[in-house]
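Reader: Could you walk me through this model before I look at the details myself?
Author: Gladly; let us have it on the screen and take it topic by topic.

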Amino acid sequence: PPPPAYTTAAAFPGLAQADAALLAILIKEALDAEFHLIPWPAAKARAEEQGMTAEAIDEAFAALENRRYLKFRGGVGSPYSVEVTAAAFRKGIDAVVPGAEAARRQVIATLVNEPPAGDRPVRDLAELTGTPYLFVLQFLKQLEQRGEVTVTEFLGGTTRITVSPTLKRLL
């Protein structure tokens with residue numbers, strides 16, 4: 001018989017194959033939901049569809065949690081929701097989002113040369129780059145940690161991005 005589908009998932013340096021497969025599934029779930037907090041039962045079902053056993057899922061979950069890639073939320077005995085951390089996105093996003101590095105460069109170039117003028121610049125940048133909203137938001141938060149941009153989110157979904165003059169040095 002052919003090997004389980006999860007064994008063909010992208011490899012992440014330093015992670016066992018099952019850990020990498022579960023991380024990729026969780027990142028995809030978060031990207032689809034446009035939120036870091038995802039329902040564990042749906043993610044676990046997706047892992048089972050990929051051929052992971054309950055034991056492999058539990059072990060991979062524990063390994064990812066130990067690395068601070070996941071945070072357990074709610075539930076008694078087993079998680080109801082799982083938060084995919086910023087560290088997890090940094091570790092696995094390039095394997096999950098095709099053209100991630102090119103999209104990052106395009107986001108920087110757009111912010112430097114023609115910043116989006118609307119009330120939803122993160123969405124505008126996602127549409128422009130053809131990448132998920134959460135991918136762009138996570139990248140902007142990484143730039144914000146470096147002092148290159150300031151992202152201010154308001155009630156109602158309005159966002160403002162303030163760009164540092166030094167951002168153009170990343171081009």
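**Talking through the model**

Author: A place to begin is Gln142, which is partly exposed, with a relative accessible area of 22%, and please keep in mind throughout that this is a predicted model.

Reader: What is the volume of the largest cavity, and which residues line it?
Author: The volume of the largest cavity is about 50 Å³, and its lining is made up of Phe89, Arg90, Ile93, Arg104, Phe135, Gln138, Phe139 and Gln142. Two elements give two or more residues to that lining, namely helix H4 (86-96) and helix H7 (133-145).

Reader: Which element has the largest share of that lining?
Author: That is H7, from which four residues of the lining come.

Reader: And how do the lining residues divide by type, nonpolar, polar and charged?
Author: Four residues of the lining are nonpolar, two are polar and two are charged.

Reader: How many cavities of 30 Å³ or more does the count come to?
Author: The count comes to one cavity of 30 Å³ or more.

Reader: What percentage of the residues count as buried?
Author: Of the 171 residues of the protein, 40% count as buried. On the side of contacts, among those with a separation of 6 or more, 52% are between residues 24 or more positions apart.

Reader: Now H1, what is its reach from first C-alpha to last?
Author: Helix H1, residues 17-33, has 17 residues and reaches 24 Å from its first C-alpha to its last, which is close to the 24 Å expected at 1.5 Å a residue. H1 is also mostly covered, with 13 of its 17 residues buried.

Reader: Which residue just after H1 takes a positive phi?
Author: Just after H1 comes Glu34, with a positive phi of about 60°, although Glu34 is not a glycine. Glu34 sits in the loop between H1 and strand E1 (37-39), and at 32% relative accessibility Glu34 counts as partly exposed.

Reader: What is the phi of Arg68, and where does that residue lie?
Author: The phi of Arg68 is near 65°, again a positive value in a residue other than glycine. Arg68 belongs to the loop between helix H3 (54-66) and strand E2 (70-73).

Reader: Is Arg68 buried or exposed?
Author: Arg68 is exposed, because its relative accessible area of 62% is over the 50% cut-off.

Reader: Back to helices: where is Thr129, and why does it count as buried?
Author: Thr129 is found in helix H6, residues 121-129, and it counts as buried because its relative accessible area is 13%, where buried means under 20%. A polar atom of the Thr129 side chain lies 3.3 Å from the backbone oxygen of Ala126.

Reader: What does Thr129 touch, leaving out residues up to four places away in sequence?
Author: With those residues not counted, Thr129 touches Ala103, Gln106, Val107 and Val136.

Reader: Changing topic to Ser164, what polar contact does its side chain make?
Author: The Ser164 side chain makes a polar contact with the side chain of Thr166, at 2.8 Å. Ser164 is placed in the segment after E5 and counts as buried at 18% relative accessibility; not counting residues up to four places away in sequence, Ser164 touches Gly147 and Glu148.

Reader: Last one, is Leu155 buried or exposed?
Author: Leu155 counts as exposed, at 86% relative accessibility, and is found in the loop between strand E4 (149-153) and strand E5 (159-163). The C-alpha atoms of Leu155 and His36 are separated by 18 Å, with the two residues 119 apart along the chain.

Key
Residues are numbered from 1 along each chain as its sequence is written. This is a predicted model: local features need pLDDT of at least 70, side-chain atom pairs count only at pLDDT 80 or more; totals for chains, interfaces and linings use all residues. Side-chain values use heavy atoms; hydrogens and water are left out. Buried means under 20% relative accessible area, exposed over 50%, partly exposed in between (1.4 Å probe, protein chains only). A polar contact is a pair of N or O atoms within 3.5 Å; within protein, one must be able to donate a hydrogen and the other to accept it, and residues adjacent in sequence count only if both atoms are side-chain atoms. Contact means heavy atoms within 4.5 Å. On a 1 Å grid over the protein atoms alone, a cavity is a set of points where a 1.4 Å probe fits but cannot get out, and a pocket is an open set with protein on both sides within 12 Å along at least five of seven lines; lining residues have an atom within 4 Å of a point. Grid points are joined across faces, edges and corners, and a volume is the space filled by probe spheres set on the points. Ala, Val, Leu, Ile, Met, Phe, Trp, Tyr, Cys and Pro count as nonpolar, Asp, Glu, Lys and Arg as charged, and the others, Gly among them, as polar. The expected span of a helix is 1.5 Å times one less than its number of residues.
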